[in-house]
Amino acid sequence: MQSDSSRSVVLLGSTGSVGTQALDVIARNPGRFKVAGLAAGGGRVDLLARQAAGFGAEVVAVADAAAVPALRAALAAVGVSPRVLAGPEGVAEVAAWPCDVVLNGITGALGLTSTLAALEAGRSLALANKESLIIGGPLVKRLAKPGQILPVDSEHSALQQSLWAAGPGGHDPEAVRRLVVTASGGPFRGMRRAELGDVTPEMALAHPTWSMGPVITINSATLVNKGLEVIEAHLLFDIGFDRISVVVHPQSIIHSMVEFVDGSTIAQASPPDMRLPIALALGHPARVPDAAPAVDWTRAHTWTFEPLDDEAFPSVALARHVGAEGGTAPAVYNAANEVCVEAFMAGRLPFLAIVDTVAAVVAAHTVTAADSVEEVLAADEWARARARELTNGAYLST
Ligand code: MG
């Protein structure tokens with residue numbers, strides 16, 4: 001904790017896309033934030049060391065313990081000597097480090113332990129690692145106090161802001177009719193199922209509005225990302241799946257909206273820039289000035305909305321199904337998808353077979369309660385193994 005008025009921040013995944021954008025926000029607001037700790041995978045130790053030196057971190061961790069000697073050398077080269085921790089336990093220790101807010105920007109299921117560690121330590125959790133909430137739903141929900149998780153995902157930040165904007169009544173579950181999650185539609189928006197058979201990884205990697213890593217970009221093309229976000233919205237806001245809609249909005253300016261029972265809809269608008277939801281989650285309840293550019297109202301805009309084509313993009317309906325099943329089902333959906341994306345990228349699986357294979361793995365899974373990290377990770381591993389069998393086997397020759 002800080003004696004001055006600045007908020008101390010721990011960044012997990014500091015060398016990744018969300019982490020570097022968070023540091024950009026922090027660098028531009030030196031009186032508002034300070035960095036207590038950093039954690040990263042270990043693939044970019046030179047960047048991590050420069051971050052530690054530039055922001056004066058007290059502690060630095062790498063998930064890959066083998067990267068420690070290189071990290072120590074890089075830290076020495078930039079003339080700083082923070083405490084160095086290693087391995088998944090080291091990252092979890094940084095997640096529980098004394099601070100005001102922990103940003104979890106780790107990618108994938110690996111982020112679960114850190115999410116739980118930060119919540120257990122009582123920190124505010126700026127959550128960019130949606131997978132940890134989705135796969136560990138019951139575990140995370142049991143630990144999280146109301147308001148302790150601040151969503152960084154742009155859609156959920158928009159939903160949260162719309163609920164806040166509604167005033168105290170916005171949190172009355174009776175006042176909310178539905179959450180409306182927007183989707184850019186990805187690069188294949190408007191294409192019918194029959195037209196998606198020959199899609200290549202190169203075509204899928206060309207995202208129209210957001211610049212992201214390869215897995216999340218493919219998830220955006222299949223709309224699996226939107227499916228995961230529907231589950232995330234359900235878990236964050238306690239709204240039933242029948243009251244969470246998805247609407248395609250190609251411009252990605254309206255990041256999501258909340259419809260209330262009186263017929264009013266409150267939406268949040270801003271040009272696509274992750275620094276805005278990051279800054280809001282780090283600075284809450286304050287808003288950070290100039291976190292990102294606002295909509296330019298001096299020029300003409302056209303914003304369009306269209307329904308989702310569930311036949312071409314069955315991933316969202318499948319996510320509703322696994323989300324409603326709960327327990328280990330969302331972990332299986334997430335893990336099977338990651339293996340199928342890998343197979344697609346390697347040219348071993350057609351585009352449409354990504355979600356079809358995930359559905360086959362989900363159908364073969366016996367759902368259990370997801371009461372422990374071990375149980376969640378076992379379901380995750382089972383799903384990966386089953387998906388590998390299907391993507392390596394006779395499936396493709398049919
Ligand atoms: Mg999102």
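Two strands are taken to pair if DSSP finds at least two bridges between them. All views below show a predicted model.

**View 1. The open sheet of seven strands.** The strands follow the order β4-β3-β2-β1-β5-β6-β7, and their pairing is parallel. At the edges of the sheet stand β4 (83–86) and β7, each of which pairs on one side only. From one strand to the next, the twist averages 20°.

**View 2. Pairing of strands β1 and β5.** Four bridges join β1 (residues 7–12) to β5 (residues 101–104) in the parallel sense. Within this pairing, V9 has V101 of β5 as its bridge partner. Helix α2 (residues 45–55) packs on the sheet, where it touches β2 (33–40) and β3 (59–62). The direction of α2 makes about 160° with that of β2.

**View 3. The second largest pocket and its lining.** This pocket holds about 560 Å³ of space. Its lining comprises 24 residues, and those nearest the pocket centre are P146, G147, L236, F237 and D238. By class, the lining residues are 15 nonpolar, six polar and three charged.

**View 4. Position of the second largest pocket between two domains.** Domain 1 (7–151) and domain 2 (157–273 + 293–312) both contribute residues to the lining, and the pocket therefore lies between them. At least two lining residues come from each of α7 (137–143), β7 (149–151), α8 (154–165) and α11 (224–237).

Notes: Residues are numbered from 1 along each chain as its sequence is written. This is a predicted model: local features need pLDDT of at least 70, side-chain atom pairs count only at pLDDT 80 or more; totals for chains, interfaces and linings use all residues. Side-chain values use heavy atoms; hydrogens and water are left out. On a 1 Å grid over the protein atoms alone, a cavity is a set of points where a 1.4 Å probe fits but cannot get out, and a pocket is an open set with protein on both sides within 12 Å along at least five of seven lines; lining residues have an atom within 4 Å of a point. Grid points are joined across faces, edges and corners, and a volume is the space filled by probe spheres set on the points. Ala, Val, Leu, Ile, Met, Phe, Trp, Tyr, Cys and Pro count as nonpolar, Asp, Glu, Lys and Arg as charged, and the others, Gly among them, as polar. Domain bounds come from an automatic or database domain assignment. Axes are lines fitted to C-alpha atoms, for helices over the stretch in contact, and angles run from 0 to 180 degrees between N-to-C directions. Contact means heavy atoms within 4.5 Å.
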